[in-house]
Amino acid sequence: RIMPLLDAISKRKWSVLLSELEKGEHSFSEELLSSIPLWLKQINKYSKNYYLLQQNLVVGHNDLVPSNVIWQDITPAIVDWDMVGWINPMQEFLTTAFAWSGIGAQRFNREVLCAVFGGYVEAGGKITSDIHFAMDGIIVRLLSRLQFRLIQLTLHSMPQKRNYFIEDKIIELMATIHYAVSNLDTFDKLVTEFSRKKYRRK
C-alpha cells in the first residue's frame, strides 16, 4: 500500500484536524495550537517550490529515522513502513540526513551530516539541484509526519495503548520541528556547502 501525499501545505486541512483534536484532552494540545501559526509561515515559503519538487517523485520510506533501522552487526533492516509513499528523492535524502545528524534529539552534529552526504554519493546517489528546494521543505516533511500521527490519533477505534504510543511520537515530532525551525538558516548554509564541490557528482 502506498500512501498518497499528505496535504501538509493546506491551511484548511490543518484547521479541520485541529478542530477535531480540540474535542479530546491531550497533553500537547495547547502547545500545538500556539505553534501552528509559526509553522504555517514556513509552509507558505515552501509552497512556492512545492510543485517543482512534485515533478520528480519516487516511492520512499518517508520516516528513515535511526529508531526505524535495526542493525545486525553491520547489516541494516528498515522497519515501520506506515508512511511509505511518494516523495522527491532529495527530500527523502535530506530529511534522513538531518534525522541521523541528531536533529530529532535536538543535538545536531555537523560531522555526521558531512559523513551522510559523503556516504550517499559514494554509494552512487546523485545530489541534484532539487536539494535547494528540498531544504525549504524539510519542515514540511516533518509536519507531514506530524499530520499523519494526528490523523491516527483521531481514529477512535485505536486501542488506548496505541494512542499513548502515538502521543509520544507527536510530542517528539513537535520538539524536532521547533528545533528545526529555530536553526533552519544554519542548516540551509550547510546544505549549500556540502552539496557543492566535495560531493556533487556530474
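1. The second largest pocket is lined by Leu64, Glu92, Phe93, Thr96, Trp100, Val116 and Tyr120. A pocket here is an open set of points on a 1 Å grid over the protein atoms alone, where a 1.4 Å probe fits and protein lies on both sides within 12 Å along at least five of seven lines; lining residues have an atom within 4 Å of a point. The volume of the second largest pocket is about 160 Å³, a volume being the space filled by probe spheres set on the points, with grid points joined across faces, edges and corners. Four residues, the largest share of this lining, come from α3, and α3 and α4 (110–122) each give at least two. By class, the lining of the second largest pocket holds five nonpolar residues, one polar and one charged; Ala, Val, Leu, Ile, Met, Phe, Trp, Tyr, Cys and Pro count as nonpolar, Asp, Glu, Lys and Arg as charged, and the others, Gly among them, as polar.

2. On the source: this is a predicted model, in which local features need pLDDT of at least 70 and side-chain atom pairs count only at pLDDT 80 or more, while totals for chains, interfaces and linings use all residues. Residues are numbered from 1 along each chain as its sequence is written, and side-chain values use heavy atoms, with hydrogens and water left out.

3. The largest pocket has a volume of about 360 Å³. Its lining consists of 20 residues, of which Val65, Arg145, Glu172, Leu173 and Thr176 are the closest to the centre. The elements that contribute two or more residues to this lining are α3 (89–100), α6 (138–153) and α7 (160–182). In the lining of the largest pocket, 10 residues are nonpolar, five polar and five charged.

4. The protein has eight helices and four strands, taken as DSSP runs numbered from the N terminus (helices H or I, at least four residues; strands E, at least two). The order from the N terminus is α-α-β-β-β-β-α-α-α-α-α-α. Of the 202 residues, 47% count as buried; buried means under 20% relative accessible area, exposed over 50%, and partly exposed in between (1.4 Å probe, protein chains only). Among contacts (heavy atoms within 4.5 Å) between residues at least 6 apart in sequence, 76% join residues at least 24 apart.

5. The 13 residues of α4 should span 18 Å at 1.5 Å a residue, and the end C-alpha atoms of α4 are 18 Å apart, which agrees. The expected span is 1.5 Å times one less than the number of residues. The buried residues of α4 are Leu113, Phe117, Gly118 and Val121. They lie on the same side of α4, because they cover an arc of only 135° around the axis, the arc being that of the directions from the helix axis to the C-beta atoms. These buried residues pack against α3, α5 (130–136) and α8 (184–194). The face turned away from the buried side carries the exposed residues Glu111, Ala115 and Glu122.

6. Two backbone angles deserve a look. Most residues other than glycine have a negative phi. Asparagine 62, in the loop between β1 (58–60) and β2 (69–72), has a positive phi of about 75° although it is not a glycine. Asparagine 62 is buried, at 5% relative accessible area. Aspartate 80, in the loop between β3 (75–78) and β4 (85–87), also has a positive phi, near 60°. At 22% relative accessibility, aspartate 80 is partly exposed.
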